[in-house]
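Please look through the model below before reading on. The notes that follow go point by point and can be checked against the structure.

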Amino acid sequence: MNWQTLAEEVIDGKVLTDEEAMSILETDDDDLLPLLQGAFTIRKHYYGKKVKLNMIINAKSGYCPENCGYCAQSRDSTAPIEKYPFITKEQILEGARRAYENKAGTYCIVASGRGPTTKDVRVVSEAVEEIKEKYGLTVCACLGILKEEQAAKLKEAGVDRYNHNLNTSERHHDFITTSHTYEDRVGTVEMAKRNGMSPCSGAIIGMKETKEDVIDIARSLRALDADSIPVNFLHAIDGTKLEGTDELNPRYCLKALALFRYMNPTKEIRISGGREVNLRSLQPLGLYAANSIFVGDYLTTEGQEENSDFKMLQDLGFEIEMPKLAEPV
């Protein structure tokens, strides 16, 4: 496969066939750099050498009635995590301040659970109104399955983006969780879109899925027209259904990132949870396909120290995409 030719065809509007997609995931390791060069051609065409930074706050930890097999917060998990109810508006605002100071243009408010209560939506909405006034950050909410009136309230308050990951293919979904359906997830993303919020939805790679499943989820996210696609790599946690799962190596992770770029050329591809433990020393190469990363910690696992990320971007010759932030008041 001539990856540069394929990249140019993708820029011209070509949609990958299943055979071409599979050839990306099955690329010989010796051809990894040409594959990434093609991915970078697409990435540079749409995003130049800029990188978007995102920061997350865990607004509610544990106490979740869902049985997602990858998650330490699941009802079935025995992982020793910190558990606490929904945090206060002031705590959300403090997280926004840290995001602003760390040059993160997008601030992600995430809470465990099937979906938010009326009170949860009120707290988030009140916080977002102040965040917009004080910092001007892009705000992404990830609160689970929404009701229509909740989606409308979040949009009215100023939430820019709503995240609800598909996580895996429809075929593989019931292996990961049975407490909600694949259609529940698709429906929530569609609801966010209907209410004017930018759709954010992604995948977790390494959950005993097949390569066909990875291709299916990349194609499903294209069909869903998700503006932002977080690509997570399983960080298996003891006490979860998937504890001990270790299917990934850094080279395959890079091929998966390349697939998402070739399949979704115009979209924000974000290297998300598990990048440190799965990409390891090859983390910088991931940004030749992706154009966005999280900085700081994740929900129940620690991330890379922020200064290390800044140095990595500097060493690559890439530029942090600085949002048009408000002057803090």
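1. In this predicted model, the side chain of asparagine 278 reaches the backbone oxygen of glycine 274 at 3.0 Å. The side chain of asparagine 278 also has a polar atom 3.1 Å from the backbone oxygen of leucine 234.

2. Where is asparagine 278 found? Asparagine 278 belongs to helix H11, which covers residues 275-278. With a relative accessibility of 6%, asparagine 278 counts as buried, because buried means under 20% relative accessible area. Leaving aside neighbours within four places in sequence, the contacts of asparagine 278 are Phe233, Leu234, His235, Leu248, Asn249, Pro250 and Cys253.

3. The next point concerns an annotation. The UniProt record, an unreviewed entry, places the feature "binding site" at Cys108, Cys140, Cys200 and Arg270. These positions span 163 residues in sequence, yet no two of their C-alpha atoms are more than 13.6 Å apart, so they gather at one spot.

4. Cysteine 140, one of the positions in that record, is in strand E3, residues 138-142. Is cysteine 140 buried or exposed? Its relative accessibility is 3%, so cysteine 140 counts as buried. Neighbours within four places in sequence aside, cysteine 140 is in contact with Thr106, Tyr107, Cys108, Ile109, Arg161, Tyr162 and Asn163. Among them is Cys108, which is also listed under the "binding site" feature in the UniProt record.

5. Cysteine 200, another position in the record, lies in strand E5, residues 198-200. Its relative accessibility is 0%, so cysteine 200 counts as buried. Not counting residues up to four places away in sequence, cysteine 200 touches Arg161, Tyr162, Asn163, His164, Ser228, Pro230 and Arg270.

6. Asparagine 163 is in contact with both Cys140 and Cys200. Asparagine 163 sits in strand E4, residues 161-163, and is buried, with a relative accessible area of 10%. Which polar partners does the side chain of asparagine 163 have? The side chain of asparagine 163 makes a polar contact with the side chain of asparagine 165 at 2.9 Å, and it reaches the backbone oxygen of cysteine 200 at 3.4 Å.

7. Isoleucine 176 is part of helix H7, residues 173-176. At 4% relative accessibility, isoleucine 176 counts as buried. Isoleucine 176 and tyrosine 70 are 106 residues apart in sequence, while their C-alpha atoms are 7.3 Å apart in space. Tyr70 is also among the contacts of isoleucine 176, together with Asn67, Cys68, Gly69, Thr168, Met207 and Leu242, once neighbours within four places in sequence are left aside.

8. Finally, the protein as a whole. The protein has 13 helices and ten strands. Its radius of gyration is 19 Å, close to the 20 Å that the globule rule gives for 329 residues, so the protein is as compact as a globular protein of that length. Along the principal axes, the C-alpha atoms fill a box of roughly 55 × 45 × 35 Å.

9. Buried residues make up 57% of the 329 residues in the protein. Among contacts between residues at least 6 apart in sequence, 77% join residues at least 24 apart. The accessible surface comes to about 13800 Å², and 47% of that surface belongs to carbon and sulfur atoms.

Terms used: Residues are numbered from 1 along each chain as its sequence is written. This is a predicted model: local features need pLDDT of at least 70, side-chain atom pairs count only at pLDDT 80 or more; totals for chains, interfaces and linings use all residues. Side-chain values use heavy atoms; hydrogens and water are left out. UniProt positions are given in the numbering used here, feature names are shortened, and annotations may be inferred rather than shown by experiment. Helices (H or I, at least four residues) and strands (E, at least two) are DSSP runs, numbered from the N terminus. Buried means under 20% relative accessible area, exposed over 50%, partly exposed in between (1.4 Å probe, protein chains only). Contact means heavy atoms within 4.5 Å. A polar contact is a pair of N or O atoms within 3.5 Å; within protein, one must be able to donate a hydrogen and the other to accept it, and residues adjacent in sequence count only if both atoms are side-chain atoms. The radius of gyration is taken over C-alpha atoms; the globule rule is 2.2 Å times the number of residues to the power 0.38. Accessible areas come from the Shrake-Rupley method with a 1.4 Å probe; for residues, only the protein chains shown count as cover.
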